[in-house]
There are 2 protein chains.
Amino acid sequence: MPNYVGSLQPVVRQMASDRLNKIQSQLIFNESGLVPVITQQHDTGEVLMLAWMNKEAIQETLETGRVCYWSRSRASLWRKGETSGHTQKLIELRIDCDGDSLLALVDQIGPACHTHRRSCFYKAIRADTAVVISDPIV
Amino acid sequence: MPNYVGSLQPVVRQMASDRLNKIQSQLIFNESGLVPVITQQHDTGEVLMLAWMNKEAIQETLETGRVCYWSRSRASLWRKGETSGHTQKLIELRIDCDGDSLLALVDQIGPACHTHRRSCFYKAIRADTAVVISDPIV
């Protein structure tokens, strides 16, 4: 039996289409078919990033347990960590009151940010100036 | 001297326009002139809501220290808590790596959600079904 823990090609657990449709029907997608997703480290509470999902990305995320976004710049599915190894294991996906945004609680391997910082939110406005408040971790 | 702590009309501390412009120039607003804002309780780490700001809302938030959004449904400034009293005191505003989303660390009075729950993210997908995981607090 292959060990898929940590693999980038985890076992896909196919969701019943009626359940998936029911979840997706609770969401309001924007004119591009996307919904914003806040990604938070599940145990520390750190907000790591904000990205976007379409229906296909939501399905893949729920079925694989690995977070998959929709890249607006590349116009394609973005399997987080596919090339960097900095994957996000899905702990829980939450929906807000209006159904127009998601909160993904994850276990982030390494940095979430492409600048190699843990969080993408590394600039803070202090004394009316934006200052860098964290360093790359790798 | 009036005590403005807790007031809905806090003293406005006008920012120098060059500093405000410099901060706003680091942001990428969408085609509607908006940027998404994640709001997080500063001490517990709880993600409370996701909303939107335009340039005017950012300026008011920074100058008053009270979080002000742009309401897309009402197409007007949305001074959070203006009618409910459930205001958000700004602790710090952060900018992400791409400059296209914000993280507001706040001190939330009462519930953030219009359903009177602390957080808007009160539905979780568990066993392929969306379930309510928190109750109204008031």
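Analyst: A pocket is an open set of grid points with protein on both sides within 12 Å along at least five of seven lines. The model is predicted, and its largest pocket holds about 1100 Å³ of space. Lining this pocket are 48 residues, and those closest to its centre are A:L50, A:A51, A:W52, A:R72 and B:D100.

User: What makes a residue part of the lining, and which elements supply at least two residues of the lining of the largest pocket?

Analyst: A lining residue has an atom within 4 Å of a point of the pocket. At least two such residues come from each of β1 (35-41), β2 (47-53), β3 (68-71) and β4 (76-79) of chain A, and from β1 of chain B. The largest share, four residues, is that of β2(A). By type, the lining of the largest pocket divides into 23 nonpolar, 13 polar and twelve charged residues.

User: How much space lies in the second largest pocket, and which residues lie nearest its centre?

Analyst: The second largest pocket holds about 670 Å³. Its lining has 29 residues, with A:D98, B:M49, B:R74, B:W78 and B:K80 nearest the centre. Two or more lining residues are given by each of β2, β3 (68-71) and β4 of chain B. Among these elements, β2(B) gives the most, with four residues. The lining of the second largest pocket comprises twelve nonpolar, nine polar and eight charged residues.

User: Why is the pairing of B:E60 and B:R79 called a salt bridge?

Analyst: The term requires a side-chain nitrogen of Lys or Arg within 4 Å of a carboxyl oxygen of Asp or Glu. For B:E60 and B:R79 the N to O distance is 2.5 Å, so the pair meets the rule.

User: Why is B:E60 called buried, and why is B:R79 called partly exposed?

Analyst: Buried means under 20% relative accessible area, exposed means over 50%, and partly exposed lies in between. B:E60 has 19% and is therefore buried. B:R79 stands at 35% and is therefore partly exposed.

User: How do you know that B:E46 and B:R118 form a salt bridge?

Analyst: Their closest N and O atoms are 3.8 Å apart, which is within 4 Å, so the pair qualifies. This pair links distant parts of the chain: B:E46 is in the loop between β1 (35-41) and β2 (47-53) of chain B, and B:R118 is in the loop between β6 (102-108) and β7 (123-126) of chain B, 72 residues apart. B:E46, at 33% relative accessibility, counts as partly exposed, as does B:R118 at 22%.

User: What makes A:E92 and A:R94 part of a network?

Analyst: A:E92 and A:R94 form a salt bridge whose closest N and O atoms are 2.8 Å apart, and both residues are buried. Salt bridges link A:E92, A:R94 and B:R126 in a network. Over all chains the count of salt bridges comes to twelve.

User: How many residues of chain B are in contact with chain A, and how many salt bridges cross the interface?

Analyst: In chain B, 42 residues are in contact with 42 residues of chain A. The buried area is about 3500 Å², of which carbon and sulfur atoms give 60%. B:F121, B:I125 and B:D128 supply 20% of the area that chain B buries against chain A, more than any other three residues. Six salt bridges are found across the interface. A:D100 and B:R72 also meet in a salt bridge, at 3.3 Å from N to O.

User: Why is α2(B) described as largely enclosed by the rest of the structure?

Analyst: Seven of its ten residues are buried, so the description applies to α2(B). The buried residues are B:A57, B:I58, B:E60, B:T61, B:L62, B:E63 and B:T64. Just after α2(B), B:G65 takes a positive phi of about 75°.

User: Why is A:D128 called buried and B:A127 exposed?

Analyst: A:D128 has 16% relative accessibility, which is under 20%, so it counts as buried. B:A127 has 64%, which is over 50%, so it counts as exposed. A:D128 is in the loop between β7 (123-126) and β8 (129-132) of chain A, and B:A127 is in the loop between β7 and β8 (129-132) of chain B. Although not a glycine, A:D128 has a positive phi of about 65°; B:A127, also not a glycine, has a positive phi of about 50°.

Conventions
Residues are numbered from 1 along each chain as its sequence is written. Chains are lettered from A and ligands numbered from 1 in the order in which they are written. This is a predicted model: local features need pLDDT of at least 70, side-chain atom pairs count only at pLDDT 80 or more; totals for chains, interfaces and linings use all residues. Side-chain values use heavy atoms; hydrogens and water are left out. Buried means under 20% relative accessible area, exposed over 50%, partly exposed in between (1.4 Å probe, protein chains only). On a 1 Å grid over the protein atoms alone, a cavity is a set of points where a 1.4 Å probe fits but cannot get out, and a pocket is an open set with protein on both sides within 12 Å along at least five of seven lines; lining residues have an atom within 4 Å of a point. Grid points are joined across faces, edges and corners, and a volume is the space filled by probe spheres set on the points. Ala, Val, Leu, Ile, Met, Phe, Trp, Tyr, Cys and Pro count as nonpolar, Asp, Glu, Lys and Arg as charged, and the others, Gly among them, as polar. Contact means heavy atoms within 4.5 Å. Buried area is the accessible area (1.4 Å probe) that two parts lose on being put together, summed over both.
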